[in-house]
Amino acid sequence: MEPAAALHADRATYQDRLLFHTPEWLAFVAECQRAEPVLATVSDQGATVGHFTGLLTRRCGLRILGSPMAGWTTSYLGFNLRPGVCRRAAVRALTRFAFDELGCAHLEVRDRGTTEADLAGLGLRWDAAPTAVIDLRPDEDALFGAMAGACRRNIRKAAKSGVVIEEAGADPAFADEFYDQLRDVFAKQNLVPTYSVERVRSLIRHLFPVGRISLLRARDSDGRCIATAVLPWYRRTMYFWGGASYREHQHLRPNEALIWHALRWARARGVTEFDFVGANSYKAKYGTTEVAVPWARQSRSPLVARLRDAAKHGFALRQRAAARLGRIRQPATTTGS
């Protein structure tokens, strides 16, 4: 059943509302994961003091509430709460809602405002799952100066080498360009992408019409597209959803040029935070600060927890097998005299 307009209107008033709580983003995730959005209210003595956002899906016949689940290429769902509302109490209420009211076998939640202290003693397991963020409120000179010296040199090298950054706009070829480069990135690790090009198309289809995504393309001096970046944004934050480049052109440093362009583009539009949605070591060169955002989970039984962990391990094995099969299927090349 479609939620009432009044519910959407109330959800939009919360200061901690993120891109991932919007109808357009949820439609993207629901489409790609064959999941059903769950929009629930958080009440205290009969008064609405917040909202919860998640999606229901089935795996191996089990009902699962993801807010989100790993592998959904989304982040930070969880809660929107009025100032002063206890997040620990909200998490406690969520577990009862998931297992008692929805009849779920498994729950996962990653909420931007929840800390490990909020989770302790509630029967959940969690991973630290930190993210790397950049405060965009300083001026451009300060942002550039906060980067590692090697990163600044790479940005200058890209400019001197003739690398140009452009906004792809509604170009239908962009998703295929990004995905072809993504395959090359994964091939470097003897892997294949964890999702299909259809997910990229779905993301663009849902977010571009409402102006909540920036699609950037880096071209070399000959006009070839050598790198791309997918950057959703909303209110105060821009997110790094994905970036890719061809290995043969990485010496031109297009990836650093793309990020530097994105930081300035976002800052000029009043965005105050750039979130890499993860804390890989290479991101530190951009002058990031690490923020802990625990990824918590709870299962109805130990067997379900083991099934979840086995499914995660099995996915990694299938990904490596698919990469090996792809190499075997590549046609042999010959050179003539």
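Reader: Which residues in the largest nonpolar core touch the most other members?

Author: Trp25, Phe178 and Trp241, out of 37 residues in that core. A nonpolar core here is a set of buried Ala, Val, Leu, Ile, Met, Phe, Trp, Tyr and Cys residues joined through side-chain atoms within 4.5 Å, and buried means under 20% relative accessible area with a 1.4 Å probe, protein chains only. This is a predicted model, where local features need pLDDT of at least 70 and side-chain atom pairs count only at pLDDT 80 or more, while totals for chains, interfaces and linings use all residues. Residues are numbered from 1 along each chain as its sequence is written, and side-chain values use heavy atoms, leaving out hydrogens and water.

Reader: Which helix gives the most to this core?

Author: Helix 7, with six residues. Helices are DSSP runs of H or I, at least four residues, numbered from the N terminus.

Reader: And what does Trp241 touch?

Author: Leaving aside residues up to four places away in sequence, Trp241 touches Trp25, Phe28, Thr73, Phe178, Tyr195, Arg199, Val200, Leu203, Val230 and Pro232. Contact means heavy atoms within 4.5 Å.

Reader: Which residues are in the other core?

Author: That core lies apart and has 33 residues, including Ile134, Leu216, Leu258 and Leu263.

Notes
Buried < 20%, exposed > 50% of the residue type's maximum accessible area, 1.4 Å probe, protein only. Helix = DSSP H or I, 4+ residues; strand = E, 2+ residues; numbered from the N terminus.
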